[in-house]
Amino acid sequence: MVKIEARLVGREYQIKNHLGRKETLSVLENFDLDIQEGEFLSLLGPSGCGKSTFLNILAGLDEYDKGEILVDGKPLEKISFNRGIVFQSYALLPWRTVRKNLEVGLEIRHVDRKERRRIANQYLELVGLAAFANQYPHQLSGGMRQRVAIARVLAYHPDLLLMDEPFAALDAQTRETLQIELLRIWEADKKTILFVTHSIDEAILLSDRVAFMTSRPGYIKEIINIDLPRPRTEEIRNSAEFARIRKVVWELLQNEVLKEQSYGAYL
Ligand SMILES: Nc1ncnc2c1ncn2[C@@H]1O[C@H](COP(=O)(O)OP(=O)(O)OP(=O)(O)O)[C@@H](O)[C@H]1O
Ligand SMILES: [Mg+2]
């Protein structure tokens, strides 16, 4: 079943340019994408092409001007308790402790106190922050804050998980650990995940499909299937098949279709 259908979506912003004049900035144009229920789909594209914009629209935090977006066959609603987002920059509540930050979504769902605490502790353990449960966000490092944000959304179990470069601020080892953990959690309950990343290897490791966007105004230029077997483990990164897919992706990025300066960052 199709979870998300984005049809010819367009988004424009009215901005003031560097000369102080009003200008229309077209960010998304003819953005077309289907995401299947239970699918893990990664979105790759040059900086500024509109990835976060699309995620924010799906999260109900931004509008779109053109086209249509359906969720479970119905028009996208602004407010839904079935969507969870991990922002590019960690959005924690500064007046709440780490544990209380994890409990936010569970409170919205009226999970009782004891159960909230149990779930929060479980996910804090998972991201290696159990010892920091009673600290406040400003007492944590950037990477630790991001781990709280990830744990919070995982604890909430949304039907649709929107993740905007969730691992970008983490050290390499934590990143690899959390990639595998995320896969393990996803394989257990197969929720739909839309994952933005700038890392080709990360996209290949995690995804069923990888969608490539053009530079702004962004739209989906190409989608490839990642046919690696599941469950995927750490070792798969070193397999011949992984190397083959990586080569395909690199060639794709270099070929005419996607030959855009801004993809230089990946090569
Ligand atoms: N609220 C806004 N008002 C005006 N312009 C905006 C707004 N939000 C985003 N933009 C512009 O839209 C474009 C796309 O931004 P977006 O954050 O979606 O890019 P991105 O693909 O997520 O990039 P990155 O990889 O750097 O995170 C940028 O040029 C940005 O300046
Ligand atoms: Mg972004």
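## Exercises on a predicted model

What covers the buried residues of α2 includes β6 (83-86), α3 (113-126) and α4 (142-156). The model is predicted, and each exercise below is followed by its solution.

**Exercise 1. State which residues of helix α2 are buried, and describe what follows the helix.**

Step 1. Helix α2 spans residues 98-108. Its buried residues are Val 98, Arg 99, Asn 101, Leu 102, Glu 103, Gly 105 and Leu 106.

Step 2. The elements that cover these residues include α3 and α4, along with β6.

Step 3. Just after α2 comes His 110, with a positive phi of about 60°. His 110 belongs to the loop between α2 and α3, and this positive value occurs in a residue other than glycine.

Step 4. His 110 has 7 C-beta neighbours inside 10 Å, so it counts as exposed.

**Exercise 2. Find the residues that touch the most other members of the largest nonpolar core.**

Step 1. The core holds 69 residues, and Tyr 123, Ala 151 and Ala 155 are the ones that touch the most other members.

Step 2. Helix α4 provides the largest share of this core, 9 residues.

Step 3. Leaving out residues up to four places away in sequence, Ala 151 touches Leu 102, Tyr 123, Leu 124, Leu 126 and Val 127. Leu 102 is also one of the buried residues of α2.

Step 4. As background, nonpolar side chains tend to be buried together in soluble globular proteins.

**Exercise 3. Give the strand order of the open sheet of 4 strands, and say which strands stand at the edges.**

Step 1. The order is β2-β1-β4-β5, and the pairing is antiparallel.

Step 2. The edge positions belong to β2 (22-36) and β5 (74-75). Each has a single partner strand, so one side of each is left without a neighbour in the sheet.

Step 3. Strand β1 (residues 2-16) and β2 run antiparallel and are joined by 11 bridges. Within this pair, Glu 12 has Ser 26 in β2 as its bridge partner.

Step 4. Leu 8 is placed in strand β1. Leu 8 is not a glycine, yet its phi is positive, at about 45°.

Step 5. A residue is buried with 20 or more C-beta neighbours, exposed with 12 or fewer, and partly exposed in between. Leu 8 counts as partly exposed because it has 13 C-beta neighbours inside 10 Å.

Step 6. Helix α1 (residues 51-59) lies across β1, β2 and β4 (66-71). The helix runs at about 70° to β2.

**Exercise 4. Describe the shell of residues around ligand 1.**

Step 1. There are 14 residues around ligand 1, and those that come nearest are Tyr 13, Ser 47, Lys 51, Ser 52 and Thr 53.

Step 2. At least two residues of the shell come from each of β1, β2 and α1. The most come from α1, which gives 3 residues.

Step 3. By kind, the shell divides into 5 nonpolar, 7 polar and 2 charged residues.

How values were computed. Residues are numbered from 1 along each chain as its sequence is written. Chains are lettered from A and ligands numbered from 1 in the order in which they are written. This is a predicted model: local features need pLDDT of at least 70, side-chain atom pairs count only at pLDDT 80 or more; totals for chains, interfaces and linings use all residues. Two strands pair if DSSP finds at least two bridges between them. Two residues are in contact if their C-beta atoms, placed from the backbone, lie within 7 Å. Axes are lines fitted to C-alpha atoms, for helices over the stretch in contact, and angles run from 0 to 180 degrees between N-to-C directions. A residue is near a molecule or strand if its C-beta atom, placed from the backbone, lies within 6 Å of it. Ala, Val, Leu, Ile, Met, Phe, Trp, Tyr, Cys and Pro count as nonpolar, Asp, Glu, Lys and Arg as charged, and the others, Gly among them, as polar. A nonpolar core is a set of buried Ala, Val, Leu, Ile, Met, Phe, Trp, Tyr and Cys residues joined through C-beta atoms within 7 Å.
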